[in-house]
Amino acid sequence: MRGALRASGLRSYWLRQYGCLHTLQARTAAEAHVTGTLNTLPLPYRAAYALTLRLLPAAFLLVSGRGLRKASTAEGRHGMQRLAALPGFGEVVRASTALALLGALDGRPGQQPPAPPRGADR
């Protein structure tokens, strides 16, 4: 799944769109969260998701006339809006992006968030 995510061009798109992914630690955590979650899908879903990720650069080029990795922030946003009209692509981009942002918020894989102080739930 990691190879499909890298082939998709989403990592460069996310870097331009989301400031919270500017650090290497955040990008690493984001990618780990996406691939880790997608690896839990049943095999047919995982295969379809991987195929969609690998086709994403061609689909983006088709709808925008520009390569995803080279698209500016505005071109990327506009191209993704147009890409959402193609069956499956909008869902894959939205789900992958949500997983990436959650991963960046949660931190490094395996890192536990600090426990709330005693009595904080009251």
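Me: Is Glu 31 buried or exposed, and what is its relative accessible area?

Reply: The general idea is that buried means under 20% relative accessible area, exposed means over 50%, and partly exposed lies in between, with a 1.4 Å probe and protein chains only. In this structure Glu 31 has a relative accessible area of 7%, so Glu 31 is buried. Please keep in mind that this is a predicted model, in which local features need pLDDT of at least 70 and side-chain atom pairs count only at pLDDT 80 or more, while totals for chains, interfaces and linings use all residues. Residues are numbered from 1 along each chain as its sequence is written, and side-chain values use heavy atoms, with hydrogens and water left out.

Me: How many of the residues of the protein count as buried, as a percentage?

Reply: Of the 122 residues of the protein, 34% count as buried.

Me: What does the secondary structure of the protein come to?

Reply: Helices (H or I, at least four residues) and strands (E, at least two) are DSSP runs, and they are numbered from the N terminus. Here the protein has 6 helices and 0 strands, and from the N terminus on its elements run α-α-α-α-α-α.

Me: Which residue does Glu 31 meet in a salt bridge?

Reply: A salt bridge is a side-chain nitrogen of Lys or Arg within 4 Å of a carboxyl oxygen of Asp or Glu. The side chain of Glu 31 meets that of Arg 11 in such a bridge, at 2.8 Å from N to O. Because Arg 11 lies in helix α2 (residues 10-17) and Glu 31 in helix α3, the pair ties together parts that are 20 residues apart in sequence. Whereas Glu 31 is buried, Arg 11 is partly exposed, with a relative accessible area of 35%. Both residues also belong to a network of salt bridges that links Arg 2, Arg 6, Arg 11 and Glu 31.

Me: How many salt bridges does the structure hold?

Reply: The structure holds 5 salt bridges. Among them is the one in which the side chains of Glu 75 and Arg 66 meet, at 3.0 Å from N to O; Glu 75 is partly exposed at 35% relative accessible area, and Arg 66 is partly exposed at 36%. Another joins Glu 91 to Arg 94, with the closest N and O atoms 4.0 Å apart. Glu 91 and Arg 94 both lie in helix α6, 3 residues apart, which is about one turn of the helix. At 47% relative accessibility Glu 91 counts as partly exposed, while Arg 94, at 52%, is exposed.

Me: At what angle do helix α3 and helix α6 pack?

Reply: For such an angle, axes are lines fitted to C-alpha atoms, for helices over the stretch in contact, and angles run from 0 to 180 degrees between N-to-C directions. Helix α3 (residues 24-38) and helix α6 (residues 89-106) pack at about 130°, with their axes 7 Å apart. That makes α3 oblique to α6, since angles under 35 degrees count as roughly parallel, over 145 as roughly antiparallel, 65 to 115 as roughly perpendicular and the rest as oblique.

Me: Which residues of α3 and α6 meet?

Reply: Contact means heavy atoms within 4.5 Å. On the α3 side the residues are Ala 26, Ala 29, Ala 30, His 33, Val 34, Thr 37 and Leu 38, and they meet Ser 96, Leu 99, Ala 100, Leu 102, Gly 103 and Ala 104 in α6. By class, this contact has 9 nonpolar, 4 polar and no charged residues, where Ala, Val, Leu, Ile, Met, Phe, Trp, Tyr, Cys and Pro count as nonpolar, Asp, Glu, Lys and Arg as charged, and the others, Gly among them, as polar.

Me: Where does Gly 103 lie, and which residues is Gly 103 in contact with, leaving aside its neighbours within four places in sequence?

Reply: Gly 103 lies in helix α6 and is buried, with a relative accessible area of 3%. With those neighbours left aside, Gly 103 is in contact with Ala 29, Ala 30 and His 33. The C-alpha atoms of Gly 103 and Ala 32 are separated by 7.3 Å, although the two residues are 71 residues apart along the chain.
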